[in-house]
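Student: Could we take a close look at a single part of this protein? I'd like to go through it slowly.

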Amino acid sequence: MALVRNAVLFVTLLTGMFVHGAAQACSSYKFPNNVKYAACEDLAVLESSMHWNYEASSGVVDVAFKKANVNGSVWVAWAINPTSKGMVGSQAFVGVHKSDGTIKAYTSPITSYSPIMQEGNLTFPVYAVSSSYTHGHLIIFATFQLPRNTTLLNHAWNHGFVSDDGTLRPHSFSLSNLHSFGTFDFVSGRVSQTSGNVNSRITFTNVHGILNTVSWGILMPVGVIMARYLKVFDGLGATWFHLHRACQSLAFLIGIAGFGTGLHIGNHYGLHNTPHRCVGLTLMCLAFTQVCVALCLRPQKDHKYRIFWNIFHYIVGYATIPLAIWNVFKGFDILNAHNIWKETYVGIIVSLAIIAVILEFITWIWICNKKRVMKSKEHVNVGLQRA
């Protein structure tokens with residue numbers, strides 16, 4: 001018992017030391033030129049911290065936002081929103097560090113859900129803004145006037161990469177990047193992380209990814225495989241058609257649900273990725289057109305225009321597959337999905353490809369044997385007729 005009690009005491013002391021050390025992490029940082037700040041707070045995610053001086057009589061704030069482990073060409077931004085909790089209306093302070101060592105700091109008002117972080121004036125007076133880079137820490141310094149009678153503000157912070165041409169690329173949609181916002185009180189120093197909205201957003205993005213992976217990325221290719229390879233077997237009759245139609249209909253319905261969640265995410269949370277969104281819209285248009293043409297304009301088998309319908313049906317169907325697979329992988333990249341999800345989906349696609357190759361081989365053997373049998377019967381019939 002004494003041994004257990006001593007072990008518990010040791011763990012408790014060790015934990016207390018760790019928590020105390022973590023709490024003092026921001027205050028232990030030494031700024032260049034021996035700049036001092038009266039208060040600081042380590043932010044919950046992205047290895048960031050806030051340091052500030054607040055003058056109550058004038059409402060002027062001196063702020064230093066620090067982001068650790070910055071390497072290469074990277075942008076860092078800290079923003080406050082005096083009017084609402086959304087991205088639109090945020091007033092951002094941006095620091096850009098390029099791999100050649102150049103540093104730039106400026107202000108940027110956020111006016112859309114797809115900001116390009118252009119330089120511009122904020123809605124409140126800004127007296128100074130600058131940045132520095134020291135030992136992997138990118139720091140944004142700013143002095144500005146808080147709105148009248150306001151000390152509690154919504155704030156957000158994030159970072160991303162800078163392309164070779166100087167364009168600021170969108171930030172990642174990983175959990176840490178999606179959790180980087182909350183409220184900030186310059187008087188009490190109280191920082192709260194808004195988790196409810198984040199949890200809802202994460203749930204929707206996960207549901208969106210699952211629905212579209214299952215519908216466009218798996219069921220659609222399976223339906224195409226059914227249509228191509230099962231119909232050559234005479235014993236199945238129309239079974240291949242019913243299976244194909246059921247599989248594609250289920251994929252289409254699930255795809256509609258996935259598309260709806262994507263629209264909800266874009267409209268309510270401001271998460272947009274132009275290539276992913278454009279391909280998703282294209283897939284929905286192709287699928288909707290395919291369904292409408294199949295239901296309303298599908299000619300009978302012996303109709304003279306049936307060949308044109310077949311060509312259209314095949315082109316649209318086969319074009320959907322590579323687009324869908326590309327968009328699924330693009331979605332994984334956007335969400336920074338764990339490798340297990342990517343590897344699982346790669347395994348599924350490779351398995352379907354192997355099945356398709358095997359069925360292609362079997363189909364050609366079946367067709368060749370069928371033609372050989374038909375030719376043999378024709379020769380027998382010709383011989384009987386001559387006899």
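Student: What is the order of the strands in the open sheet, and is the pairing parallel or antiparallel?

Tutor: Keep in mind that this is a predicted model. The open sheet has five strands, and going across you meet them in the order S1-S2-S3-S8-S7, with antiparallel pairing. At the edges sit strand S1 (39–42) and strand S7 (126–134), each of which pairs on one side only. From one strand to the next, the twist averages 15 degrees. In general, what holds such an arrangement together is pairing through backbone hydrogen bonds, and strands can do that either parallel or antiparallel.

Now zoom in on one pair in this sheet. Strand S3 (residues 60–67) runs antiparallel to strand S8 (residues 137–145), and the two pair over eight bridges.

Helix H5 (residues 274–296) has 23 residues, so at 1.5 Å a residue it should span 33 Å; its end C-alpha atoms are 32 Å apart, which agrees. Several residues of H5 are buried, among them His276, Leu283, Met284 and Val293.

Then jump to helix H7 (residues 339–386), where you'll find Ile362. Ile362 counts as partly exposed because its relative accessibility is 36%, and partly exposed lies between the buried cut-off of under 20% and the exposed one of over 50%. Ile362 also belongs to a nonpolar surface patch with Val346, Val350, Ile354, Ile358, Phe361 and Ile365, and together they have about 600 Å² of accessible area.

Key:
Residues numbered from 1 in each chain as written. Predicted model: local features only at pLDDT ≥ 70, side-chain atom pairs only at ≥ 80, totals over all residues. Heavy atoms only, no water. Patch = residues over 30% accessible without salt bridge, like charges linked within 9 Å, V, L, I, M, F, W, Y side chains within 5 Å. Areas by Shrake-Rupley, 256 points an atom, 1.4 Å probe, with all protein chains shown as cover. Salt bridge = Lys/Arg side-chain N within 4 Å of Asp/Glu carboxyl O. Helix = DSSP H or I, 4+ residues; strand = E, 2+ residues; numbered from the N terminus. Buried < 20%, exposed > 50% of the residue type's maximum accessible area, 1.4 Å probe, protein only. Pairing = 2+ DSSP bridges. Axes fitted to C-alpha atoms, helices over the stretch in contact; angles between N-to-C directions. Expected span 1.5 Å × (residues − 1).
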